[in-house]
Amino acid sequence: MDAPLGAAVIKQHLIDPEICIRCNTCESICPVKAITHDSRNYVVDVDKCNLCMDCISPCPTGSIDNWRVLTRSNAYSVEAQLGWDELPAEVPLPAGAEAGIPVAAVAPQPVPLTQLEAGEEPFVASAWGATLPPWSAAHPYVNLYGARTGPIAATVAGNFRVTAVGRDYDTHHIMLDFGTMPFPVLEGQSIGILPPGLDANGRPHHARQYSIASPRNGERPGYNNVSLTIKRVLEDHQGNPVRGVGSNYMCDLKVGDTVQVIGPFGNSFLMPNHPRSNIVMICTGTGSAPMRAMTEWRRRLRQSGKFEGGKLMLFFGARTKEELPYFGPLQNLPRDFIDINFAFSRTPGAPKRYVQDVMRERAADLAALLRDPDSFFYVCGLKSMEEGVVLALRDVAREAGLSWEEIGAALKREGRLHLETY
Amino acid sequence: MSAINYSEKIPNNVNLSEDRTLQRALEQWQPNFIHWWDDVGPEASTDMDVYLRTAVSVDPQGWAQFGHVKMRDYRWGIFLNPGDANRTIHFGEHKGEKAWTDVPGEHRANLRRIIVTQGDTEPASVEQQRHLGLTAPSNYDLRNLFQVNVEEGRHLWAMVYLLHKHFGRDGREEAEALLERRSGDANNPRILGAFNEETPDWLSFFMFTYFTDRDGKYQLCALAESAFDPLARTTKFMLTEEAHHMFVGESGISRIIQRTAQMMNELKTDDAGKLRAAGVIDLPTIQRYVNFHFSVTIDLFGSDESSNAATFYSSGLKGRFEEGKRTDDHVLKGLTYTVLHVQDGKLVEKEVPMLNALNEVLRDDYIRDSVAGVERWNRVLDKAGIPFRLKVPHKAFHRNIGALAGVKVAPDGRVVSDTEWQARVDEWLPSAQDRAFVGSLMGRVVEPGKFAHWIAPPVVGINRQPVDFEYVRFN
């Protein structure tokens with residue numbers, strides 16, 4: 001964030017005074033005391049709000065969930081907001097402000113957003129998630145290309161379907177090559193893709209972020225390329241038909257096409273690199289991308305015969321076996337290398353099983369890993385899984401006679417529990 | 001072996017899985033609770049999947065988990081706001097002493113009474129509202145009703161937790177009695193009058209959640225100041241949920257007004273008869289409902305002069321609204337407060353010791369808050385260009401408790417004769433015809449995205465879902 005403060009584009013959090021019922025829930029819950037009120041309105045102080053999102057879901061009305069993208073110098077003051085009877089209209093960014101730059105790349109974000117598709121749903125970190133990387137993480141490069149430098153062009157080097165052919169799901173494995181331009185990445189990082197064209201408001205599309213599915217030395221070892229796991233979005237979270245702008249653009253790419261890329265992003269969801277460190281990976285759907293990257297890096301290390309890895313444990317959920325990306329290749333990994341547990345929630349004739357159910361079944365092994373200070377936990381997938389997974393970890397700890405308060409706090413403090421959901 | 005998986009079935013942060021005594025008490029009580037829910041909970045709702053907010057922990061992410069669940073399987077949890085081990089009592093005669101984690105013997109009876117009285121209102125409102133699901137104006141509103149219902153249920157759990165945990169055998173007996181009393185039952189009624197009234201239609205329901213649940217908010221706020229730390233922490237967390245109930249009320253009435261205003265502009269009339277014929281609720285009828293619910297609710301704060309209120313405050317059991325934000329000495333000896341009474345046919349003010357007037361202090365705080373929301377309803381009329389203004393009646397209007405009980409006062413605060421009262425009461429309070437008319441509008445609309453004719457759709461859905469989301473699924 002080296003840009004002059006006044007010109008920087010920010011996303012300002014506002015409360016809709018027409019919908020707000022002045023119940024005080026947001027003010028009482030805000031951890032940084034950014035929300036205040038007078039007898040008329042509840043308002044958010046732009047200088048204090050850190051976009052942590054703690055106030056969003058507790059709001060009973062939805063009035064809390066309003067945002068304006070504007071330059072820092074045009075942000076609405078507390079005094080101005082206190083006088084409102086209704087929200088001001090959206091004002092287009094002034095010429096010269098960096099329109100089209102994704103907010104995620106501008107606003108401080110401890111971890112990157114992934115797979116932002118149906119709307120700009122901001123990342124909500126669970127209270128137990130770490131904001132620091134493991135002590136043995138490699139140092140990441142972030143924001144090499146973005147607001148100030150502009151994007152970099154990458155060439156599509158491959159585009160394969162990685163789920164069984166079915167009607168309503170279609171997941172692709174897409175390889176991008178950076179040629180001779182530097183784009184160093186680590187497992188767990190993500191990149192942003194700028195889809196061509198304009199959105200409904202006539203502005204360039206904001207960037208779509210995707211987790212990298214390949215290890216640090218390339219999808220093909222020794223080449224300057226990365227791979228992404230992208231699910232074609234054909235419906236929104238409510239099941240309404242909608243074509244995801246980014247995902248359809250990506251899934252339809254042909255080898256040889258070029259795409260505009262920004263990033264890399266992410267400096268905490270990173271893997272440990274010291275010998276005998278254990279990795280527990282919990283994911284659903286395309287949340288498997290960073291898990292694939294970490295697994296593949298460990299597999300290459302193991303093949304080299306020069307690294308003594310710890311345990312790898314994977315909990316992988318999808319609606320059905322057919323929808324699970326990389327199902328075939330995963331089956332071929334040696335059992336003594338990785339302990340794989342699938343959970344399918346929509347297999348006809350079988351009861352629904354979610355990743356947290358399977359985690360509970362594997363409580364004995366998970367408890368042993370929870371005890372080990374060399375264990376690192378990674379969660380990536382749909383937002384709805386996050387609470388269930390962390391609760392399952394807590395219960396596993398408790399049932400093993402451990403104090404979750406102590407273990408959970410240590411996991412967070414030591415960068416050993418990473419949550420990335422969307 | 002215990003029959004209940006405590007962390008799954010009863011999300012809690014009170015270490016339930018390790019508290020055998022509490023487990024045993026709850027295991028006995030829980031089947032009776034479910035029996036009560038089946039018996040007098042929301043009618044014909046057993047098979048519905050409802051998009052409910054469930055609290056699974058007290059942090060911001062944890063207490064607002066959304067998903068479709070059957071209400072019977074709702075995870076009624078037990079939550080205390082995070083505590084402060086060094087908290088001190090900040091008002092009353094024990095000011096400056098360490099807050100109590102257990103019940104002091106000398107305050108046991110009073111605390112139990114406070115908790116039982118609060119706890120009794122929670123199942124009572126579920127009972128009052130149990131038929132409303134049959135006449136819901138939309139799928140969205142049906143979900144909001146059920147959310148209110150399950151949260152009242154959870155509030156009952158919260159109070160029962162305190163009784164079980166801190167009041168031994170008599171606590172357990174009181175917890176049972178909470179499930180035995182019935183709203184409106186002549187032989188075994190609920191404790192407070194307003195909770196034995198019917199909630200016959202959705203206008204009443206929205207008025208109830210706006211006015212009467214707001215009484216709940218003020219009572220909970222006063223208890224959240226309590227020197228008895230578990231009570232303070234429980235009620236603080238309940239307040240976060242209470243906000244939803246007031247939202248249902250405020251937005252519900254607002255949407256009714258919006259629809260009426262729209263129809264007034266379309267038909268270019270303010271004639272109640274024409275508007276009723278057009279199937280919307282005329283504004284004077286809404287004003288009469290306001291008068292009724294406001295006056296019945298402010299009675300809930302109790303007598304304007306009360307030695308009990310003084311005792312509760314001085315002994316640290318119950319504070320004032322936002323006690324911590326006030327700048328007086330928090331002991332209140334020697335301070336006075338103005339209350340109303342009738343002298344020579346006129347309302348006159350008199351100064352009384354503030355300690356004895358604490359019910360009135362809380363009532364006045366409540367009135368300020370209620371008025372602000374009514375003003376927001378008026379903004380809807382403003383926007384539609386309609387000159388009518390809703391207002392809350394004078395606080396002496398239609399009172400049945402305290403010095404003003406039975407005094408005949410018009411909504412504008414004039415003391416009137418019995419004759420005038422009789423002649424005009426139908427202008428001031430909902431008449432049988434008003435109630436019959438509102439009742440006649442009540443029909444069931446549950447197709448997602450459809451709304452009854454007399455109410456406008458909400459501006460936004462719940463939890464960022466679209467308005468036409470299937471909030472309640474019928475199986």
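The model is predicted, so local features need pLDDT of at least 70 and side-chain atom pairs count only at pLDDT 80 or more, while totals for chains, interfaces and linings use all residues. Residues are numbered from 1 along each chain as its sequence is written, and chains are lettered from A and ligands numbered from 1 in the order in which they are written.

Let's start with chain B, which holds 13 helices and five strands. Helices (H or I, at least four residues) and strands (E, at least two) are DSSP runs, numbered from the N terminus. Of its 475 residues, 50% count as buried, meaning that 20 or more other C-beta atoms, placed from the backbone, lie within 10 Å of the residue's own.

Now look at a pair of helices. Two packed helices are described by the angle between their axes and the distance between the axes. In chain B, the axes of α7 (residues 229-267) and α11 (residues 358-383) come within 9 Å and cross at roughly 25 degrees. Axes are lines fitted to C-alpha atoms, for helices over the stretch in contact, and angles run from 0 to 180 degrees between N-to-C directions. α7(B) and α11(B) are therefore roughly parallel to each other, a label for angles under 35 degrees. On the α7(B) side, E250(B), I253(B), S254(B), I257(B), Q258(B) and A261(B) meet G373(B), W377(B), V380(B) and L381(B) of α11(B); contact here means C-beta atoms, placed from the backbone, within 7 Å.

Over in chain A, six strands form an open antiparallel sheet in the order β8-β7-β10-β5-β6-β9. Strands pair if DSSP finds at least two bridges between them. β8 (208-211) and β9 (225-231) of chain A stand at the edges with a single partner strand each, so one side of each is left without a neighbour in the sheet. Neighbouring strands of this sheet are turned by 40 degrees against each other on average, direction ignored. Four bridges join β7 (residues 190-194) of chain A to β8(A), and G192(A) stands opposite Q209(A) in β8(A). Finally, helix α5 (residues 288-304) of chain A lies across β8 and β9 of chain A, running at about 145 degrees to β9(A).

Key. A residue is buried if 20 or more other C-beta atoms lie within 10 Å of its own, exposed if 12 or fewer, and partly exposed in between; C-beta atoms are placed from the backbone. Angles under 35 degrees count as roughly parallel, over 145 as roughly antiparallel, 65 to 115 as roughly perpendicular and the rest as oblique. Two residues are in contact if their C-beta atoms, placed from the backbone, lie within 7 Å.
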